[in-house]
Amino acid sequence: MKNGKCPKCGSKEVYCGDDVHPKSGPFGSNSIPVSLTSIAALDNYVCTDCGYMESYIADPAKLKEIFVKWRRVS
Ligand SMILES: [Zn+2]
């Protein structure tokens, strides 16, 4: 999706909302809980042909926190 191509329908009409403010909305919307005291804002990529959306965490500090605190899927 970050390469500008929709993985679902193959369209190149992919748009990124990473400069939409506020990054994190009221009550933590557009973010995910990382721990009890930490949330990570999401950058959303949307295909305007089929509506498919992917979300990414851009903040490297949050990614490190997840690396330390979350259960690794194996
Ligand atoms: Zn699509």
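Student: What relative accessible area does tyrosine 45 have, and does that make the residue buried or exposed?

Tutor: The relative accessible area of tyrosine 45 is 13%, and since buried means under 20%, exposed over 50% and partly exposed in between (1.4 Å probe, protein chains only), tyrosine 45 is called buried. Please keep in mind that this is a predicted model, in which local features need pLDDT of at least 70 and side-chain atom pairs count only at pLDDT 80 or more, while totals for chains, interfaces and linings use all residues. Residues are numbered from 1 along each chain as its sequence is written, and side-chain values use heavy atoms, with hydrogens and water left out.

Student: Which elements make up the protein chain, and in what order do they run?

Tutor: The protein chain has one helix and four strands, where helices (H or I, at least four residues) and strands (E, at least two) are DSSP runs numbered from the N terminus. Read from the N terminus, the order of these elements is β-β-β-β-α. Of the 74 residues in the protein chain, 26% count as buried, and the C-alpha atoms fill a box of roughly 35 × 35 × 15 Å along the principal axes.

Student: What makes the ring arrangement of tyrosine 45 and tyrosine 56 count as stacked, tilted or edge-to-face?

Tutor: A search of the whole structure finds one aromatic pair, and that pair is formed by tyrosine 45 and tyrosine 56, with 5.4 Å from centre to centre and 80° between the planes. Rings of Phe, Tyr and Trp (its six-membered ring) pair if their centres lie within 6.5 Å, and planes under 30 degrees apart count as stacked, over 60 as edge-to-face and the rest as tilted, so the tyrosine 45 and tyrosine 56 pair is edge-to-face. Because tyrosine 45 lies in strand S3 and tyrosine 56 in strand S4 (residues 53-57), the pair ties together parts that are eleven residues apart in sequence. Tyrosine 56, with a relative accessible area of 25%, is partly exposed.

Student: How do you know what lies over the face of tyrosine 56?

Tutor: A charge sits over a ring if NZ of Lys or CZ of Arg is within 6 Å of the ring centre and within 35 degrees of the ring normal; lysine 2 lies over the face of tyrosine 56, at 4.2 Å from the ring centre.

Student: Which residues are the protein donors of the zinc ion, and what makes the arrangement of the four donor atoms tetrahedral?

Tutor: The donors are Cys6 (SG), Cys9 (SG), Cys47 (SG) and Cys50 (SG), which lie 2.3 Å from the zinc ion, whereas the definition asks for N, O and S atoms within 2.8 Å of the metal (3.2 Å for Na, K and Ca), with water not among the atoms, so that sites may look incomplete. The angles subtended by the four donor atoms are 107 to 114°, and four donors count as tetrahedral if all angles lie between 85 and 135 degrees, so the arrangement around the zinc ion is called tetrahedral. Along the chain the donors follow the spacing C-x2-C-x37-C-x2-C. Distant parts of the chain are linked here, with cysteine 6 in the segment before strand S1 (14-16) and cysteine 47 in strand S3, 41 residues apart.

Student: Are cysteine 6 and cysteine 47 buried or exposed?

Tutor: Cysteine 6 has 3% relative accessibility and therefore counts as buried, and cysteine 47, at 1%, counts as buried as well.

Student: What does the side chain of asparagine 44 make a polar contact with?

Tutor: The side chain of asparagine 44 meets the side chain of asparagine 30 at 2.7 Å in a polar contact, a term for a pair of N or O atoms within 3.5 Å (within protein, one must be able to donate a hydrogen and the other to accept it, and residues adjacent in sequence count only if both atoms are side-chain atoms). Asparagine 44 lies in strand S3 (residues 38-47) and, at 17% relative accessibility, counts as buried.

Student: Which side chain does aspartate 43 reach with a polar contact?

Tutor: The side chain of aspartate 43 makes a polar contact with that of lysine 23, at 2.4 Å. Aspartate 43 is found in strand S3 and, at 8% relative accessibility, counts as buried. Leaving aside neighbours within four places in sequence, the residues in contact with aspartate 43 (heavy atoms within 4.5 Å) include Lys23 and Tyr56.

Note on methods: Tetrahedral: all angles 85-135°; square planar, octahedral: opposite > 155°, others 65-115°.
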